[in-house]
Amino acid sequence: GTLKIIGQAAAAAVPSLSQALGDTSWHVRHAAAEALKAIGKDAAGAVPALIEALGDENAEVRFFAAGALKAIGGGAAKALPRLIEGMTKEAEQMRQACAEAAAAICVDAGAVTVPVLIEALGSENPEVRRLAVTALKQLKRDGVSAVPHLIACLASDDQAFRKAAADALAAIGQAASEET
């Protein structure tokens with residue numbers, strides 16, 4: 001309740017909320033994740049606990065943990081591998097939450113996320129590959145180190161993936177040419 005309403009002003013509560021993510025009651029864990037989501041970027045100190053919460057036995061806790069990571073944005077870059085994994089192993093609603101969080105983190109954090117995205121380009125899961133290409137396209141100039149990997153994607157059997165890779169290459173190239 002109250003922490004959610006006061007949002008960023010509750011940043012001082014982040015250590016306690018991080019600890020609450022390990023509570024025995026799923027209700028408390030859920031409320032803690034929801035409060036961290038409301039705090040947003042100022043909750044970056046809770047990222048390790050939120051990564052743990054992505055593996056919670058309760059689906060609502062996992063969902064709100066992904067939402068909190070999305071709200072934190074670039075400060076949650078360490079969560080990318082776990083979010084990408086969640087896009088392959090979770091129910092549809094949770095896969096979408098993981099994808100949205102990963103995309104928000106990539107756009108906010110920029111170039112530091114490129115190595116994780118390059119690795120995701122090789123995933124057997126088409127949804128993971130699509131997210132990686134989309135994120136690289138959104139990164140524009142920050143994604144320049146992924147160009148050789150995107151070129152390799154043009155040889156894929158998946159037509160939609162090839163097109164997305166070409167679109168990402170175009171966005172990266174256009175951004176680079178506008179800077180010169």
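## About the model

This is a predicted model, in which local features need pLDDT of at least 70 and side-chain atom pairs count only at pLDDT 80 or more, while totals for chains, interfaces and linings use all residues. Residues are numbered from 1 along each chain as its sequence is written, and side-chain values use heavy atoms, with hydrogens and water left out.

## Helix H7 and helix H9

Start with helix H7 (residues 92-109) and helix H9 (residues 126-139), whose axes come within 9 Å and cross at roughly 25°. That angle makes H7 roughly parallel to H9 (angles under 35 degrees count as roughly parallel). Axes here are lines fitted to C-alpha atoms, for helices over the stretch in contact, and angles run from 0 to 180 degrees between N-to-C directions. Helices are DSSP runs (H or I, at least four residues), numbered from the N terminus.

Which residues of H7 and H9 make the contact? On the H7 side they are Arg95, Ala99, Ala102, Ala103, Cys106 and Val107, and on the H9 side Glu127, Leu131, Ala135, Gln138 and Leu139. Contact means heavy atoms within 4.5 Å.

## Helix H5 and helix H7

H7 also packs with helix H5 (residues 59-72), at an angle of about 15° and with the axes 8 Å apart. H5 is therefore roughly parallel to H7. Residues in this contact include Phe63, Ala66 and Leu69 of H5 and Ala97, Ala101 and Ile105 of H7.

## The nonpolar core

The largest nonpolar core has 58 residues, and those touching the most other members are Leu36, Leu50, Leu69, Leu83 and Leu150. H7 supplies the largest share of this core, 8 residues. Such a core is a set of buried Ala, Val, Leu, Ile, Met, Phe, Trp, Tyr and Cys residues joined through side-chain atoms within 4.5 Å. Buried means under 20% relative accessible area, exposed over 50%, and partly exposed in between (1.4 Å probe, protein chains only).

What does Leu150 touch, not counting residues up to four places away in sequence? The list is Leu121, Val133, Leu136, Ala165, Ala168, Leu169 and Ile172. In soluble globular proteins, nonpolar side chains tend to be buried together.

## A loop residue: Gly45

Gly45 lies in the loop between helix H3 (26-39) and helix H4 (47-53). Is Gly45 buried or exposed? Gly45 counts as exposed because its relative accessibility is 61%.

Leaving aside neighbours within four places in sequence, Gly45 is in contact with Val14 and Ser18. Gly45 and Ser18 are 27 residues apart along the chain, and their C-alpha atoms are separated by 8.1 Å.

Notes:
Helices (H or I, at least four residues) and strands (E, at least two) are DSSP runs, numbered from the N terminus. Angles under 35 degrees count as roughly parallel, over 145 as roughly antiparallel, 65 to 115 as roughly perpendicular and the rest as oblique.
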